[in-house]
Amino acid sequence: FIIINKIIQMSEKGKEVTDLKSKNGSANGKSRNYDTIENIIEMEDKILFDSLDKESKGFIYFSDLIAALEDLGIQKNDPRIKIEEEDIDMPAGETSAGAGRITYNKFKKIIQRSQGNLVQNAIKGNLIIPDFKNFSNEISRIYTTTKKNKSGKVATYIPQLGRVNPEYYGVSVCTIDGQSHSIGDTNVHFCIQSITKPINYCIILEENGEEKVLVLKLFIADG
């Protein structure tokens, strides 16, 4: 929270300076405003880096960056995170990627390269579930509790459903920001049947827009 507050304070200060320069209307005001914004971004990035470089070594371990993001629900295979091999400095004699080091300048490049301010928003706590670690722990607790329930039977009115192993059980959660958590048999393929309906509805909304889809729904409802 201290980190987030510092960033907010700097952003507000930068906005005040920008507004003041805009009111003054100086000939080189745009250039100065641009410099101010650049300085604020630089300070924000440095604060984010320092929050991970807790021992002030001047670098962060690749494994620590990944662990911090995973605690926030952003998995290391998330395609929005753009970490290239050249971003990681490997100490002599080390072969494990986790031991690789990322300097501040390389960290900035990762931030700039990654999609949609993902890294910044995650570390600042600006994703839809800021405390994702506790959230995922609660999901895991619910999973462990409900897994003990062995009552009921698999559906048999459709042959494909009847052939499913009743011991399979998994839970996957993904937020609108792409924070994800999976536990159990989540890599087992299964016949989704009517679960296609909400998926198809989302595709139709995306391709046609809400207005057209709502008109169609009203038309069908009216017969």
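Colleague: How many disulfides does the structure hold?

Modeller: This is a predicted model, and the structure holds 0 disulfides. A disulfide would need a pair of cysteine sulfur atoms within 2.5 Å.

Colleague: Is Cys174 buried or exposed, and what about Cys191?

Modeller: Cys174 counts as exposed because its relative accessibility is 58%, and the cut-off for exposed is over 50%. Cys191 has 31% relative accessibility, so Cys191 counts as partly exposed.

Colleague: Next, the core. Which residues have the most contacts inside the largest nonpolar core?

Modeller: Ile60, Leu65, Ile74, Ile102 and Phe107 have the most contacts there, in a core of 22 residues. Two or more residues of this core come from each of α2 (29–52), α3 (62–71), α4 (104–113) and α5 (118–124).

Colleague: What is Ile102 in contact with, leaving aside its neighbours within four places in sequence?

Modeller: The contacts of Ile102, with those neighbours set aside, are Phe49, Phe59, Ile60, Phe62, Leu65, Asp87, Ile88, Phe107 and Ile110. Ile60, Leu65 and Phe107 from that list are also among the residues with the most contacts inside the core.

Colleague: Where is Glu44, and is Glu44 buried or exposed?

Modeller: Glu44 is in helix α2. Its relative accessibility is 13%, so Glu44 counts as buried. Along the chain, Glu44 and Gln120 are 76 residues apart, while their C-alpha atoms are separated by 8.8 Å.

Colleague: Now the rings. How many aromatic pairs does the structure hold?

Modeller: The structure holds 5 aromatic pairs. One of them joins Phe132 and Phe135: the ring centres are 5.4 Å apart and the planes are at 40°, so this pair is tilted.

Colleague: Where do Phe132 and Phe135 lie?

Modeller: Both are in helix α6 (residues 132–146), and because they are 3 residues apart, about one helical turn separates them. Phe132 counts as buried, at 1% relative accessibility. Phe135, at 27%, counts as partly exposed.

Colleague: How are the rings of Tyr143 and Tyr169 arranged, stacked or tilted?

Modeller: Their centres are 5.0 Å apart and their planes are at 20°, so the pair is stacked. Tyr143 lies in helix α6, whereas Tyr169 lies in the loop between α7 (159–162) and β3 (170–174); the pair therefore ties together parts that are 26 residues apart in sequence. Tyr143 counts as buried, with 8% relative accessibility. For Tyr169 the value is 29%, so Tyr169 counts as partly exposed.

Colleague: Which residues form one aromatic cluster?

Modeller: Phe49, Tyr104 and Phe107 form one such cluster. A charge belongs in the picture too: Lys46 lies over the face of Tyr104, at 5.7 Å from the ring centre.

Colleague: Where do Ser56 and Gln193 lie?

Modeller: Ser56 lies in the loop between α2 and β1 (59–61). Gln193 is in the loop between β4 (180–184) and α8 (196–208).

Colleague: What is the relative accessibility of Ser56, and of Gln193?

Modeller: Ser56 has 64% relative accessibility, so Ser56 counts as exposed. Gln193 has a relative accessible area of 32% and is partly exposed.

Definitions and conventions: Residues numbered from 1 in each chain as written. Predicted model: local features only at pLDDT ≥ 70, side-chain atom pairs only at ≥ 80, totals over all residues. Heavy atoms only, no water. Core = buried A, V, L, I, M, F, W, Y, C linked by side-chain atoms within 4.5 Å. Buried < 20%, exposed > 50% of the residue type's maximum accessible area, 1.4 Å probe, protein only. Helix = DSSP H or I, 4+ residues; strand = E, 2+ residues; numbered from the N terminus. Contact = heavy atoms within 4.5 Å. Phe/Tyr/Trp six-rings, centres within 6.5 Å; stacked < 30°, edge-to-face > 60°. Lys NZ or Arg CZ within 6 Å of the ring centre and 35° of its normal.
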